[in-house]
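Trainee: I have a model open and would like to learn how to read it. Could you take me through it feature by feature?

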Amino acid sequence: MKKQLLVAGGGIGGLAAALGAARAGWDVRLYERAAEFSEIGAGVQLGPNGVRCLQAWGLQQPLQSVAAFPGRLQVRSADSGKELAVLPLGPTALQRYGAAYATIHRADLHGLLLAALARDTGTQLHLAQAVERFAEADGRVTVHTSRARAVTGDALIGADGLWSRTRTWLLGADPRLPGVDPRLLDVDPRLPQAVAPRVTGHLAYRALVPQAALPDALRTGQITVWLGPQLHAVHYPVRRGELQNLVVIVQGPAPQDLERWDQAANAADLERALRRTCPALQDLVRSVSATGGASDGPLWRLWPLCDRPPVPAADAMARGLVGLLGDAAHPMRPYLAQGAGMAIEDAAALERALAQAHLAVPQRLRRYALERWQRNARVQARSTRNGRIFHATGALRWARDLALRLLGQRLLDMPWLYRGR
C-alpha cells in the first residue's frame, strides 16, 4: 500500500515537492490556501543547478517552450553606467554545467509544474484550504485545515512560504534564531511563540513589461545588473523573450503590513530613489513606467524583503514525520537568485529520500534534512553577503568595482553553486 504525503502550500516549492514525492511512489494530497492556483507577474532566474532538476523530471521541453535563455550576464555601475564585468551564459553554461541558465516568468514555472502533476500523477489538489496545525500519533500525522477538516497521512511537508504555519507548529520559538523584530512575533494565542522572519530594510520594486513596448535600445536578451550605493537593479527577458522583468532594490523602511508583501507602489518614489544614478538606468525605469506594464496587475509592485538566519541544523528542516521545504525552511535574500532553485533542489532531495523504502519515514525525512541544510545555509549566508557587496559604499564599493574589472568572470561564476549535488 502506498504511503501518503500531505503537502501544505501550492506555490513552486509545494508543487515541486508533490511532483518529487509522486515520482518516489507516494500518494500526495496538497492543500493550498488560495481559491485558485495563480502566480503574480514576476521573473525568476534558474541556474543550471535548478534546470538540471527539471530535466530529471522530464520537463526540459516544457521549460524550453516558456523560458528565455540569456547569452550572458553583464554587471554595470549604476552611477557611471560603465561595464564592470561579464559572465558568458548560453552555450558556455550548458557546456560547463550540463544545463542552461534560464530566466522564466514565475507563473510559467508554476504552470509547468502544475501541468506535470496533472498529467503524470494522481496527486489530489485541494484549493481554498490551508493547513492550520498538525499532530503526530501512532506513527501518523494528522493535519487540520482551515475548513475544519482532519486528514491523516504518513508525513507532512510544509511548503507554505515565508509565514509558514507548519514551521510555527514544528519549531516554535527556537533560541538558535536570533535577531527577531518584536513587532513581528506571532500573537495568535493558540500557537507557540514563533520566531518571525527578519525585516531586512531592503525594498524591491518590480515591473514586468512587453519588450515590444520598449524602445529598441532598451530591449534585452541578457541579464544586466546595475550596482550602486545602497541600491541595485537587475533586468532580463522572460517568456521566450517576449517580456522584460525589471527589479530595483533600494534600502528603506518597510511598510507596516508585511504579510501583504506585494503592494502597488508609486513609480515616483522609485524615480526619486534613483535620482543620483546614471541617465541610462533612469531612462530604462522611465520607459518601463511609460509602457503601463503587462496585463496582470499594477506596473510597479513593492516587495519588502524579509529573510531568516541561515538554517542552523538538520532538525530545523525536519523533525519526526514533518519536514519543511523552500521558503518555509530557508527564506533568503535574492542576491544569488536562488530562492526558486533551492526549493526545486529541496524537492529533488525529498524525492530521493522518500524513495528509500527500507527506512522508516522519520529516517527518510532525516536523510532529506541532512542532505539539504548545510547547502541551504551556505546559500542564505552568501546571499546576505552579496547584498552588502551589491549595495556597498565608500572604500568597499571602490574595491568591489576594481575586483570586478580585474577578475570579473572568476568572481561571477560559481561552480560550487551551479554544479549542485
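Trainee: Which residues have the most contacts inside the largest nonpolar core?

Mentor: In soluble globular proteins, nonpolar side chains tend to be buried together. A nonpolar core here is a set of buried Ala, Val, Leu, Ile, Met, Phe, Trp, Tyr and Cys residues joined through side-chain atoms within 4.5 Å. Buried means under 20% relative accessible area, exposed over 50%, and partly exposed in between, with a 1.4 Å probe and protein chains only. In this predicted model, local features need pLDDT of at least 70 and side-chain atom pairs count only at pLDDT 80 or more, while totals for chains, interfaces and linings use all residues. Residues are numbered from 1 along each chain as its sequence is written, and side-chain values use heavy atoms, with hydrogens and water left out. The largest core has 71 residues, and those with the most contacts inside it are L5, L46, L54, W57, I104, L109 and L113. A second, separate core of 32 residues includes Y97, L208, I249 and L404.

Trainee: What does L54 touch?

Mentor: Contact means heavy atoms within 4.5 Å. Setting aside residues up to four places away in sequence, L54 touches L46, L59, Q60, L63, L109, L113 and I344.

Trainee: Which residues of helix α5 are buried?

Mentor: An α-helix has 3.6 residues a turn, so residues three or four places apart point the same way. Helices (H or I, at least four residues) and strands (E, at least two) are DSSP runs, numbered from the N terminus. In α5, the buried residues are D108, L109, H110, L112, L113, A116 and L117. You can check the helix length too: the expected span is 1.5 Å times one less than the number of residues. For the 15 residues of α5 (residues 106-120) that gives 21 Å, and the end C-alpha atoms are 21 Å apart, which agrees.

Trainee: What is the strand order in the open sheet of three strands?

Mentor: Strands of a sheet pair through backbone hydrogen bonds, either parallel or antiparallel. Two strands count as paired if DSSP finds at least two bridges between them. Here the order is β8-β9-β10, with antiparallel pairing. β8 (131-137) and β10 (150-153) stand at the edges with a single partner strand each, so one side of each has no neighbour in the sheet. Strand β9 (residues 140-145) pairs with β10 over four bridges, and T142 has T152 as its bridge partner in β10.

Trainee: How many residues of strand β15 are buried?

Mentor: Eight of the nine residues of β15 (residues 243-251) are buried, so this strand is largely enclosed by the rest of the structure. β12 pairs with β15 in the antiparallel sense over nine bridges, and eight bridges join β14 (residues 231-238) to β15, also antiparallel. L208 has N245 as its bridge partner in β15, while P237 has Q244.

Trainee: How many disulfides are there?

Mentor: A disulfide is a covalent bond between the sulfur atoms of two cysteines. The rule here asks for a pair of cysteine sulfur atoms within 2.5 Å, and the count is zero. As for individual cysteines, C53 is buried at 14% relative accessible area, and C278 is buried at 2%.
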